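Student: I have a two-chain model open and would like to walk through it with you. Could we take it piece by piece?

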Amino acid sequence: MSGFLDALLLQAGYNAALVAIGAALLGFAAGTAGTFLFLRKRALVSDAVAHATLPGVGLAFLVMVALGGEGRNLGGLLIGSALSAWAGLLLVEWIARRTRLAEDAAIGAVLSVFFGFGVVLLTVIQTLDRGRQAGLEDFLLGSTAGMLFQDAVIIATGGALVVAAIWVLRRPMTLVAFDAGYATALGVDTRRVDLAMMGLVMAVTVIGLKLVGLILVVALLIIPAVTARFWTNRVEVVLWTAGILGGASGYVGAALSASAPDLPTGPIIVLIAAGLFALSLLFAPARGILAAALSHRRFQARVHRRQGLLALVRSEPIHDPLTLRILRAEGLIRPDGVATDEGRALAAKIARDERRWDVARAVHQDTSLTGRYDGLTPIEEVFTADQIADFDVRLGAPHAVGA
Amino acid sequence: MSMGADFVQFSLTPILIGILAAIACALPGNFLILRRQALIGDAISHVVLPGIVVAFLVTGTIAAIPMLLGAGAAALVAVALIEAIKRLGGIEPGAAMGVVFTALFAGGVLLLEQSDTSRVHLDVEHALMGNLETLIWFQAEGWGSLADPAALADLPPELLRIAVVALAIAVLTVVFWRPLKLSTFDEGFARAIGLPVSVIGLGLVIAAAVAAVAAFDAVGSIIVIAMFICPPATARLMTNSLAAQVWGSVGFATLSAILGYVLAGYGPLWLGFDSAVSAAGMIAAVSGLILGLACLFGPHRGRVGVAAGG
């Protein structure tokens, strides 16, 4: 535990600190870049981009070895992965635009075929020279164990650059993500903005390869954005919330994994993000499951209360147990089911308001007002006091019932 | 031993298993790509890993039946979770899918790393890449072994399993052809004539999950995703008739499996290298090349109303 605290406070060594900062920056960049993808409803394009990095890693290794180099140089491998990811992305776009296959089929085709080809290259590399090959499999699931100082610097710098690029591009990208048609009308080149968005997604993927691996980097692009969406309806707030959620997942995950070497970094980061998602799904105000269940219960109670009061007006017996419970709890009926004075008064008001609505519908042709009649909205919320007084005049003076 | 005997012993069963796995995935894939659910296969093949890890932790063995049950259960859990997040959270399908399969996959990897699996052959790479090359027929001594009951009893059990699943999926496709076709092309009409549209949709996803799990057992998840999409997509670019598309997808799946296996096994030898490359990866790559050709030259590659290539 103290190891975890040390790592959390950046006291677990220079490399671990750099990795934690890199993971936080990467998470922040992934959360924000992923928000644009999510709002454009293209979240899974990132899956194709991520899987398409594998052949690039393999080819870059082969090229570097052929040129007499080390082969395992992270910078070189990342450049290779970026090139093949870009090729995969262009292919997805080309298939979806030029053929009648839908984008999801294009994504699936590109991700499986590129990945398959990448696996073929990995087996080729295995046969070439077993000693130098070690480490390429790490790109599948990520690994921070034994990460070189210069690798950590590449990740931290890359993460910072992507965050900076997102800051510069945030306005046009927000506009396009929110309403592409409006953006076009304003003269924004949607296609170029989309391309920039994809460039950022690709950058996040490539930087994330070493840390979380190509299979799970998709999670960092999708989960924080979806999580943030539960908390707000405002685009800018979704954007920065997703960034913070992603950054926090990355930072805490990297710290946890640094303190417990058995815990693989990528899955830990993803599971922390998924935990935040599950909490939001359950407990977010307004859009969470709990909030939805509560508002459903409140609505149900309002309907039952009103139906009960209408029954009181007509002196009909009430049998529904929920209605009886609600009316009793509010003191509108006595335990034996007979209406109290308060209950009769409220019932009389509801009966009167029903008559007022009848008049209102006859008088007002404006359905935007009379259309708001749903049996639950009080008439005072729709019409002014003057208008209601007018309805009352048309209704005639009240007269005693049964007198 | 003659060349033929070598082939029967080392290549016949892997090729057959590859073909059957490819067909079992391609058949439901036809309907999935038409319904824009192509990535369900991707999601299912990711969650198979947590399924088999949990099955291993519960039973302590890597026997096939518990593994298959675990994987099948995980696939159903994933589909249910995706549906729940879509409906309860109001999240678009792609993102809901992305959340579920990555989270479950991460859970599977973590469980695997944390549990002692050193004495069994269970790891992530194996799950991804399969072990098609190792499914050889030890007892075979030549083509004559096909008539030898003792040798036949030694066939890899994966062959029988994938054969049963492929046959079952083929039969289901034929039996439910009309409702599948109607609900895929015109859901409103299918509902209007009283077809249980959502049951058909769920049945399709379950069939896809069974195919994915059975194929995964033998060939790993790369082939599974590739075969769900590439052969049906290729066939879709060649014809406008659904029946022709389904037959075409079976043909392209078979072709990919044979060509991929042969290229992986013998290609490096022809080029002067001494060891084979991943058959699963090569089969996926070949299916992609075939799809690429169809994208460039398929007679029905363009959208209706758009000139081909325009």
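Student: Among the elements of chain A, which has the lowest mean pLDDT and which the highest?
Tutor: Happy to start there, with a note that this is a predicted model, in which local features need pLDDT of at least 70, side-chain atom pairs count only at pLDDT 80 or more, and totals for chains, interfaces and linings use all residues. Residues are numbered from 1 along each chain as its sequence is written, while chains are lettered from A and ligands numbered from 1 in the order in which they are written. Here pLDDT is the predictor's confidence in each residue, from 0 to 100, and helices (H or I, at least four residues) and strands (E, at least two) are DSSP runs, numbered from the N terminus. The lowest mean, 53, belongs to helix H7 (residues 130–133) of chain A, and the highest, 94, to H12(A).

Student: Why should I be careful where pLDDT is low?
Tutor: For chain A, the mean pLDDT is 86, and 96% of its residues reach 70 or more. Where the score is low, though, the predicted coordinates should not be read in detail.

Student: In chain B, which element has the highest mean pLDDT?
Tutor: Chain B averages 86, with 95% of the residues at 70 or above. Its lowest element mean is 72, for helix H5 (residues 124–129) of chain B, and the highest, 94, is that of helix H13 (residues 279–297) of chain B.

Student: What ipTM does the predictor give the complex?
Tutor: The predictor reports two scores for the complex. The pTM is 0.86, and the ipTM is 0.91.

Student: Which element of chain A gives the most residues to the side that touches chain B?
Tutor: Two residues are in contact if their C-beta atoms, placed from the backbone, lie within 7 Å. The contact takes 49 residues from chain A and 55 residues from chain B. On chain A, the elements giving two or more residues are helix H5 (74–98), helix H6 (103–128), helix H8 (138–141), helix H12 (217–229) and helix H14 (265–283). With 16 residues, the one that gives the most is H6(A).

Student: How many nonpolar residues are on that side of chain A?
Tutor: Ala, Val, Leu, Ile, Met, Phe, Trp, Tyr, Cys and Pro count as nonpolar, Asp, Glu, Lys and Arg as charged, and the others, Gly among them, as polar. The side of chain A that touches chain B has 6 polar and 8 charged residues, and its nonpolar residues number 35.

Student: How far apart are the centres of the two domains of chain A?
Tutor: The bounds come from an automatic or database domain assignment. They divide chain A into domain 1 (2–262) and domain 2 (290–395). Taken over C-alpha atoms, the centres are separated by 56 Å.

Student: On which residue is the kink in H11(A) centred?
Tutor: Helix H11 (residues 190–212) of chain A has 23 residues and spans 31 Å between its first and last C-alpha, close to the 33 Å expected; that expectation is 1.5 Å times one less than the number of residues. A bend at a residue is the angle between axes fitted to the seven residues ending there and the seven starting there. In H11(A) the kink is about 25°, centred on A:Val206.

Student: Where does H2(B) bend, and which proline follows within four residues?
Tutor: Helix H2 (residues 40–59) of chain B has 20 residues and reaches 28 Å, close to the 28 Å expected. After the helix comes B:Gly60, with a positive phi near 80°. The bend of about 25° is at B:Val47, and the proline is B:Pro50.

Student: Is B:Ala257 buried or exposed?
Tutor: B:Ala257 lies in helix H12 (residues 242–270) of chain B. A residue is buried if 20 or more other C-beta atoms lie within 10 Å of its own, exposed if 12 or fewer, and partly exposed in between, with C-beta atoms placed from the backbone. Beyond four places in sequence, its contacts include B:Ile15 and B:Ile283. Because B:Ala257 has 30 C-beta neighbours inside 10 Å, it counts as buried.

Student: And A:Ser315, buried or exposed?
Tutor: A:Ser315 sits in the loop between helix H15 (289–313) and helix H16 (321–329) of chain A. Its phi is positive, near 55°, although the residue is not a glycine. With 8 other C-beta atoms within 10 Å, A:Ser315 is exposed.
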